[in-house]
Amino acid sequence: MRHGKYPFVIGFLFAPVALYVTFVIWPYAQAFQISMTNWRGLSAPQWVGFDNYRRLLDDGAFWKAVQHHGVLLLALPLITIAIALLFAFLLNVGGKSSGGQRQGVWGSKFYRVVFFFPQVLAVAIIAVLFQMVYRPNESGLINGVLMKFGMEPILFLVKPNLALWSIIAVLVWQAVGFYVVLFSAGMASIPGEIYEAAEMDGASKVTLFFRVTLPLLWDTLQVAWVYLGIAAFDAFAIVAVLSVDGGGPDGATTVLAMEIYRNAFVYSKYGYASAMGVALFFLTLTFAALTLRLSKRESVEY
Amino acid sequence: MNPQSTLPPTPAALPPKTGDPSAPAGRGRKGPRSEVRLFAGLGHVALAVWAVIVIVPILWTFLAAFKNTSEIFSSPWTLPAELRWENFGRAWTKANVGRYFLNSVLVVSCSTFGTMLLGSMAAYVLARYKFWGNRAIYYLFVSGLAFPVFLALVPLFFVVKNLGLLDTHTGVVLVYIAYSLPFTVFFLAAFFKTLPSSVAEAGMIDGCGHTRLFFQVMMPMAKPGLISVAIFNIIGQWAQYQLPLVLLSNAKDKWVLTQGIADISVNAGYEADWSGLFAALTIAILPMIIVYAVFQRQIQAGLTSGAVK
């Protein structure tokens, strides 16, 4: 591969690199610069140093958003992974074993197909769907039933202490299927002899799960945690569409992405919004580094 | 053979202590069996409940799409009294769902095609050619995986605006391609590395140029990887909400489906056209069910391909 290598390499790389630098790298680099200005889009930006960051420290909405990311960061992965692990275990190992072949419970193919489906839908569409499900009167899916039975309707999205959890529930609803499939793939690669040996030793299903499946699935779990963590730092589409007036009631469900969007495209505070973007970037980075460090553990060879 | 298996059974397998020493020894044999049955039984209930939780909201939406507003309020749980197809007509034309849908199809076809073409070109060159700066460019692409899009949102808006591409489909398509490149290049570069070089060398000896070699030999060989990434990109770009929201805000006739449906849901309250909103939701969900039913295996593989490298 000698003749004419460089013209070919340059020809193939030029368009992708040009596009990528223009729309991705260049904006990222600029974000750090704009965050040091008080730019409002009309006049030339003025350099204000770390003023925007200092103002962030006193911004209640910012801290509320950070706090919500904290809740999301714990609840979303924990709940999703717990449910998905249980289902993946049932679908792959839960049934009886015949001829040394581990089997899932009856109908496991059907369940896997159904569970995964929400993953195909856009989050914005799901958010509209659950707006209907959560509606506070008899036209809502849940409250329609409750009110038929003469109960008070639950104000899922209006009660400040319930709203965030209603949103987390929708995120879990969408995510579980994906992780069932992901964990199933991991479980399928665990050799059947290990289960067999453990069962001969008299291990119960519960022991099998905690002593065999879980340790051998560690790497996949780590990936799942990072993925869900990154999702917990975004959550824009669901909050923007599902919550009461974009992060409400009264900021009870707001997230950083929502605040960035509001500051930039409603208030035209471009410098301040960029400072929030930089803060979000460092939060994400810290999370990723921490997860990789804390969960580092000898992976089991088999 | 596991040496432990010759040892006596661990306490877990012993028959449960019933407190009755005269209980027949045969019960001990039944222990694990009934445990399996109980476990499978409870498991079944859990699985079935989750299946219901997934299916019911979607099914309920489909049913409500055929009702009128008073039915939606008075009997949310019953079948519609009659099939009101006009709800769909109203959603498709009056609420512009038809236009949003076609916009989405147009944007996603262009951007996925562009992503696959540019992404595979870059990945191929980076994976199989040695040249100065190769690693630097590769890491430039891969570093994009670590950045949240929201960091770039403000500058991106102005880059697109200064290029005169604000409120145009061209702008959205180019931005989609650019933001899909990190994963596409990362995944495909790994894939192109695994392809045998003997075929490529044979092609070169036969006088095949670099470009022809790529399009006629390497691309067909990389088909499984290309399909996975294409599915990943189609579903990701179809679901995009924040980028079109920022880039197309002032051109309502150019909006994509996610944006349009979210907007209809805001206005449905004012216009009291709930059945139209349910019909619009159905129009957005039903095609995905059909596509998913046909390509279920490929979609599951494609979407999880990012995690199981």
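Predicted model: local features only at pLDDT ≥ 70, side-chain atom pairs only at ≥ 80, totals over all residues.

User: What makes up the secondary structure of chain A and of chain B?

Analyst: Chain A has 13 helices and zero strands. Chain B likewise comes to 13 helices and zero strands.

User: Which residues of chain A does the record annotate as "transmembrane region"?

Analyst: The unreviewed UniProt entry places this annotation on residues 7-29, 71-93, 113-134, 162-182, 224-244 and 270-292 of chain A. Within the model, residues 162-182 of chain A are 100% helix and 0% strand, with end C-alpha atoms 30 Å apart. For residues 224-244 of chain A the figures are 76% helix and 0% strand, and the end C-alpha atoms are 30 Å apart.

User: Which residues of chain B carry the annotation "transmembrane region"?

Analyst: According to the unreviewed UniProt entry, they are residues 38-66, 100-126, 138-160, 172-192, 213-235 and 274-295 of chain B. Residues 100-126 of chain B are 100% helix and 0% strand, and their end C-alpha atoms lie 37 Å apart. Residues 274-295 of chain B are also 100% helix and 0% strand, with 32 Å between the end C-alpha atoms.

User: How does the radius of gyration of chain A stand against that of a compact globule?

Analyst: A compact globule of 302 residues would have a radius of gyration near 19 Å, but chain A has 24 Å. The C-alpha trace of chain A spans about 80 × 75 × 35 Å along its principal axes.

User: Why is Val107(B) called buried?

Analyst: A residue is buried if 20 or more other C-beta atoms lie within 10 Å of its own. Val107(B) has 23 such atoms within 10 Å, and therefore Val107(B) is buried. Its place is in helix α4 (residues 97-128) of chain B, and Val107(B) touches His169(B), Val172(B), Val173(B) and Val256(B), leaving aside residues up to four places away in sequence. Val107(B) and Gln237(B) are 130 residues apart in sequence, while their C-alpha atoms are 8.7 Å apart in space.

User: How do you know whether Ala232(A) is buried or exposed?

Analyst: The cut-off for a buried residue is 20 or more other C-beta atoms within 10 Å. Ala232(A) has 23 other C-beta atoms within 10 Å, so Ala232(A) is buried. Ala232(A) lies in helix α10 (residues 218-232) of chain A. Not counting residues up to four places away in sequence, Ala232(A) touches His69(A), Leu72(A), Leu73(A) and Leu76(A).

User: What makes Asp250(A) exposed?

Analyst: Asp250(A) has 12 other C-beta atoms within 10 Å, so Asp250(A) is exposed. Asp250(A) is in the loop between α11 (236-242) and α12 (256-265) of chain A. Its phi is near 50 degrees, a positive value in a residue other than glycine.

User: Why does Asn96(B) count as partly exposed?

Analyst: Buried requires 20 or more C-beta neighbours and exposed 12 or fewer, with partly exposed in between. Asn96(B) has 18 C-beta neighbours inside 10 Å, so Asn96(B) counts as partly exposed. Asn96(B) lies in the loop between α3 (86-94) and α4 of chain B, and its phi is near 65 degrees, a positive value in a residue other than glycine.

User: Which residues touch the most other members of the largest nonpolar core?

Analyst: Of the 175 residues in that core, they are Ala124(A), Ile125(A), Ile238(A), Val175(B) and Ala280(B). The largest share of this core, 17 residues, comes from helix α7 (residues 169-194) of chain B. Ala280(B) touches Ala91(B), Ala95(B), Val97(B), Ile261(B) and Ile264(B), with residues up to four places away in sequence not counted.

User: Why is α1(A) called roughly perpendicular to α7(B)?

Analyst: Helix α1 (residues 5-34) of chain A and α7(B) pack at an angle of about 100 degrees, with their axes 9 Å apart. Angles of 65 to 115 degrees count as roughly perpendicular, and therefore α1(A) is roughly perpendicular to α7(B). On the side of α1(A), the contact is made by Pro16(A), Leu19(A), Tyr20(A), Phe23(A) and Val24(A). On the side of α7(B), it is made by Leu174(B), Val175(B), Ile177(B), Ala178(B), Tyr179(B) and Leu181(B).

Key:
Residues numbered from 1 in each chain as written. Chains lettered and ligands numbered in written order. UniProt positions renumbered as here; feature names shortened; annotations may be inferred. Helix = DSSP H or I, 4+ residues; strand = E, 2+ residues; numbered from the N terminus. Rg over C-alpha atoms; globule rule 2.2 N^0.38 Å. Core = buried A, V, L, I, M, F, W, Y, C linked by C-beta atoms within 7 Å. Contact = placed C-beta atoms within 7 Å. Axes fitted to C-alpha atoms, helices over the stretch in contact; angles between N-to-C directions. Parallel < 35°, antiparallel > 145°, perpendicular 65-115°, else oblique.
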